[in-house]
Amino acid sequence: MPNILIAEDEPRIASFIEKGLRSQGFTTTTVTDGLHVLDIAQNGIFDLLILDLGLPGKDGFQVLEELRGQGEDLPVIILSARSDIHDKVAGLEGGADDYVTKPFRFEELLARVRLRLRSARPVRDAQEFLLKAGNVVLNLRTRQVKLGDRLIELPAREFTMAEMFCRHPGQVISREQLLDYVWGYDYNPGSNIVDVYIGYLRKKLGSNLIETVRGIGYRLRS
Ligand code: CA
């Protein structure tokens, strides 16, 4: 499983990224200080670095410059509250592979992480992109969904929700986990949006596929 290094000093954002990536099966390590990123990033066990620009000790630009200066080609995705185009250009010219501006939705970051991991390792077996649960098959690369032999259209959030279930068949997933994962931190915890989307998935993938576990959440029947 890919091993991701997160350099982020804001605990809320760090834990949001950690939780999201771990729920996708990634392994994560978080550093909160720019001074320590370099040493850790170069120990050879990481597949990608998510690098906040505004870090204490040493900022992200400096970290990136030193990293590339030492010939380290670890894929780097810059994370920053600065939406300024100059920072974006500077980051990419400094050797970053991609750039995500805060606030961002987790699915956006995830898509970029996957993309960078893939371009870092071009030879992959097509089977690796398929996620199967019962008679549902999700293709993570083409975002196509098959129910038996039938091809089903799922918009982005429904796909992401289906992906979460398929990755954890038989496991109860709470509303909060689904909100966090599919909508990011930009949500109102009192909203019934999760239930609404469960309804969409049941309509498209069959009413028996996702079971309600009263008072706790939902579970994919496996
Ligand atoms: Ca910061």
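View 1. Angles under 35 degrees count as roughly parallel, over 145 as roughly antiparallel, 65 to 115 as roughly perpendicular, and the rest as oblique. This is a predicted model: local features need pLDDT of at least 70, side-chain atom pairs count only at pLDDT 80 or more, and totals for chains, interfaces and linings use all residues. Residues are numbered from 1 along each chain as its sequence is written, and side-chain values use heavy atoms, with hydrogens and water left out. Axes are lines fitted to C-alpha atoms, for helices over the stretch in contact, with angles from 0 to 180 degrees between N-to-C directions. Helices (H or I, at least four residues) and strands (E, at least two) are DSSP runs, numbered from the N terminus.

View 2. From H6 come Arg-157, Thr-160, Met-161, Glu-163, Met-164 and Phe-165. They meet Gln-177, Leu-178, Tyr-181, Val-182 and Trp-183 of H7. Contact means heavy atoms within 4.5 Å. By class, the contact of H6 with H7 holds seven nonpolar, two polar and two charged residues. Nonpolar here covers Ala, Val, Leu, Ile, Met, Phe, Trp, Tyr, Cys and Pro; charged covers Asp, Glu, Lys and Arg; the others, Gly among them, are polar.

**View 3. H6 also packs against helix H8, residues 193-205.** Here the axes come within 10 Å and cross at roughly 85 degrees. That makes H6 roughly perpendicular to H8. Arg-157, Glu-158, Met-161, Ala-162 and Phe-165 are the H6 residues in this contact. Their H8 partners are Val-194, Tyr-197, Ile-198, Tyr-200, Leu-201 and Lys-204. Eight residues of the contact between H6 and H8 are nonpolar, three are charged and none is polar.

**View 4. H7 and H8 pack with their axes 10 Å apart.** The angle between H7 and H8 is about 80 degrees. H7 is thus roughly perpendicular to H8. Arg-175, Leu-178, Leu-179 and Trp-183 of H7 touch Ile-193, Val-194, Asp-195, Tyr-197 and Ile-198 of H8. The contact of H7 with H8 includes seven nonpolar and two charged residues, with no polar ones.

**View 5. Three strands form an open antiparallel sheet in the order E10-E12-E11.** The edge strands are E10 (172-174) and E11 (210-213), each pairing on one side only. From one strand to the next, the twist averages 35 degrees. E11 and E12 (residues 217-220) run antiparallel and are joined by four bridges. Two strands pair if DSSP finds at least two bridges between them. Glu-211 stands opposite Arg-219 in E12. H6 packs on the sheet and touches E10, E11 and E12; the direction of H6 makes about 70 degrees with that of E12. H8 packs on the sheet too, touching E11 and E12; the direction of H8 makes about 150 degrees with that of E11. Three residues sit between the strands in the hairpin of E11 and E12, where Gly-215 takes a positive phi near 75 degrees.

**View 6. Strands E6, E7 and E8 are linked by two hairpins.** Four bridges join E6 (residues 130-133) to E7 (residues 136-139), and this pair runs antiparallel. Leu-131 has Leu-138 in E7 as its bridge partner. Two residues lie between E6 and E7 in their hairpin, and Gly-134 there has a positive phi near 60 degrees. E7 also runs antiparallel to E8 (residues 144-147), again with four bridges. Asn-139 stands opposite Gln-144 in E8. The hairpin of E7 and E8 has four residues between the strands; Arg-143 takes a positive phi near 65 degrees.

**View 7. A cis peptide bond runs from Lys-102 to Pro-103.** Omega is near -5 degrees. Pro-103 is placed in the loop between strand E5 (98-101) and helix H5 (106-120).

**View 8. The chain is divided into domain 1 (3-117) and domain 2 (128-220).** These bounds come from an automatic or database domain assignment. Taken over C-alpha atoms, the domain centres are separated by 28 Å. Domain 1 gives 13 residues to the contact, and domain 2 gives 14 residues.
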